Amino acid sequence: MRRVLVYPWKRWPRFFKAAVGLGVILVLVVLGANAYVLSQGGDSTSTVADVPKAEVAIVPGALVKPNGEMSAMLADRVEQASLLWHAGKVEKVLVSGDHGTWKYDEPDTMRKALVRDGVAPEDVFEDHAGFDTWATMVRARSIFGVDDAVVVTQGFHMPRALYLADAAGIDATGLTADLHAWGFQGRKSAVREVLSRVKAVADVTLDTPALAGPKIPIATTDGRESWGPPCRFCSPIGNKSDTGISD
């Protein structure tokens, strides 16, 4: 007796319809979140001279190599931030990134590069708990008291960074840091950014907490007071419940 081939959608029609429906919903969520973030992304430029003056440049972290060197993308961000400071466009620079282990320290690596480039040490602030862009912006507002800023990052990342800065209560513009052609890495990052924008909308909607810590007012504090290891005994904060910032 020959076996009759039965296609899955004929054998389990309800399951198939549910799976298709769920797939359609997920696609719509991804498309909707991306459209929303891109429409709310704010203004940015690639030219230092066109950047309006602001209190601080915010530099989100990126990969630091095992040998301690900055990745090309991170190096471009730091270079653009240095140019902003030297041009008098910003008074301070806040470097924010991952310092999840003693051997891996994005903010300290960025700070050392800025100081080597002539940025005054007292004007460079370190945030050791900027584990993602949302945490960077929430902590910039709640811990460092940043009101207005220039966000320095790559073009593919800029709309999400500015959207999250605005949601955290920061009046921000952007300076893109695309001093190189990124090739495959750029295409890979752009694809990953599609899902990252969905996470950004979720973080804002759910008010995802960031780590708390002692206040370091960027307007009145010497940046060197922020250098060093992160707080080991920090507690979660949300940008609405604990800082008074609405989303």
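The model is a predicted one. Its open sheet has six strands in the order β1-β6-β5-β2-β3-β4, with parallel pairing. β1 (44-45) and β4 (124-127) are the edge strands, each pairing on one side only.

**Strand β5**
- Strand β5 covers residues 148-153, and five of its six residues are buried, so the rest of the structure largely encloses the strand.
- On one side, β5 pairs with strand β2 (residues 54-60) over three bridges, in the parallel sense.
- In that pairing, V150 of β5 stands opposite A57.
- β5 also pairs with strand β6 (residues 171-176), again in the parallel sense, over six bridges.
- Here V150 stands opposite T173 in β6.

**Strands β1 and β6**
- Two bridges join β1 and β6, which run in the parallel sense.
- S44 has G174 in β6 as its bridge partner.

**Helices on the sheet**
- Helix α5 (residues 133-142) packs on the sheet and touches β2, β3 (90-96), β4 and β5.
- The direction of α5 makes about 150 degrees with that of β2.
- Helix α6 packs on the sheet too, touching β1, β5 and β6.
- The direction of α6 makes about 165 degrees with that of β6.

**The β-α-β unit**
- Helix α6 spans residues 158-167 and forms a β-α-β unit with β5 and β6.
- This unit is right-handed.

Key: Residues are numbered from 1 along each chain as its sequence is written. This is a predicted model: local features need pLDDT of at least 70, side-chain atom pairs count only at pLDDT 80 or more; totals for chains, interfaces and linings use all residues. Side-chain values use heavy atoms; hydrogens and water are left out. Buried means under 20% relative accessible area, exposed over 50%, partly exposed in between (1.4 Å probe, protein chains only). Helices (H or I, at least four residues) and strands (E, at least two) are DSSP runs, numbered from the N terminus. Two strands pair if DSSP finds at least two bridges between them. A crossover is right-handed if, with the strands pointing away from the viewer, the path from the first strand over the helix to the second runs clockwise. Contact means heavy atoms within 4.5 Å. Axes are lines fitted to C-alpha atoms, for helices over the stretch in contact, and angles run from 0 to 180 degrees between N-to-C directions.
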